[in-house]
Amino acid sequence: MFRPLPGAADASVEYTVTIKDRFTDDVIATKTFQMTVKAFAQDDLDAAAAFMTATATADVYWDGLACEGADKFNINQSASLQRNCYGRMMMSRRI
C-alpha cells in the first residue's frame, strides 16, 4: 500500500495478523484490522522536498563522513577515525 497523493481520497485497507504454531505450522488465530491510510497533504510533501534540497548536498555528506576541519581534497585520517567522528556528528548535528 502506498500513501495516496495530495488530492486523492484516503485509502481503506485491511491488515491481517496470523498466529501459527511454530512446530506444526497450524493456524492458531487470525485477526483482520481495517485501517485508513490518510492521503499526503501538499504541505507535507513540500516540506520534505525543501528538507532534502537543503540537506542532500555534497558538503552535507562530506561533513557527515569526515571529522570537523578535514580537507576532502587531502584525506589523511584513518577510516576508523572517520567512522567515530561520523557517529559523534550525527548525534549532535541539527539541520
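Modeller: A salt bridge is a side-chain nitrogen of Lys or Arg within 4 Å of a carboxyl oxygen of Asp or Glu. The structure above is a predicted model, in which local features need pLDDT of at least 70, side-chain atom pairs count only at pLDDT 80 or more, and totals for chains, interfaces and linings use all residues. Residues are numbered from 1 along each chain as its sequence is written, and side-chain values use heavy atoms, with hydrogens and water left out.

Biologist: Thanks! What makes the side chains of D25 and K20 a salt bridge?

Modeller: Their N and O atoms are 3.9 Å apart. The limit is 4 Å, so the pair of D25 and K20 qualifies. In general, side chains of opposite charge can pair when their charged atoms come close.

Biologist: How many salt bridges does the structure hold?

Modeller: Two. The other pair is D10 and K38, whose closest N and O atoms are 3.5 Å apart. That pair joins distant parts of the chain, 28 residues apart: D10 is in the segment before β1, and K38 is in the loop between β2 and α1.

Biologist: Why is D25 called exposed?

Modeller: Exposed means over 50% relative accessible area, buried means under 20%, and partly exposed lies in between (1.4 Å probe, protein chains only). D25 has 51%, so D25 counts as exposed. K38, at 52%, is exposed too, whereas K20 at 44% is partly exposed, and D10 at 39% is also partly exposed.

Biologist: And what makes T55 buried?

Modeller: Its relative accessibility is 8%, so T55 falls under the 20% limit. T55 sits in helix α1, and its side chain reaches the backbone oxygen of F51 at 2.8 Å. Across the protein, buried residues make up 12% of the 95 residues.

Biologist: Which elements does the protein have, from the N terminus on?

Modeller: The order is β-β-α-α-α, which comes to three helices and two strands. These elements are DSSP runs, numbered from the N terminus: helices (H or I) have at least four residues and strands (E) at least two.

Biologist: What is M35 in contact with, leaving aside its neighbours within four places in sequence?

Modeller: M35, in strand β2, is in contact (heavy atoms within 4.5 Å) with A11, S12, V13 and Y15. The C-alpha atoms of M35 and V13 are 5.3 Å apart, although 22 residues separate the two in sequence.

Biologist: Which residues make the nonpolar surface patch?

Modeller: Y15, V17, I19, I28, F33 and M35 make this patch of about 570 Å². Strands β1 and β2 each supply at least two of its residues.

Terms used
Patches are made of residues with over 30% relative accessible area and no salt bridge: like charges are joined within 9 Å, nonpolar side chains (Val, Leu, Ile, Met, Phe, Trp, Tyr) within 5 Å. Accessible areas come from the Shrake-Rupley method with a 1.4 Å probe; for residues, only the protein chains shown count as cover. A polar contact is a pair of N or O atoms within 3.5 Å; within protein, one must be able to donate a hydrogen and the other to accept it, and residues adjacent in sequence count only if both atoms are side-chain atoms.
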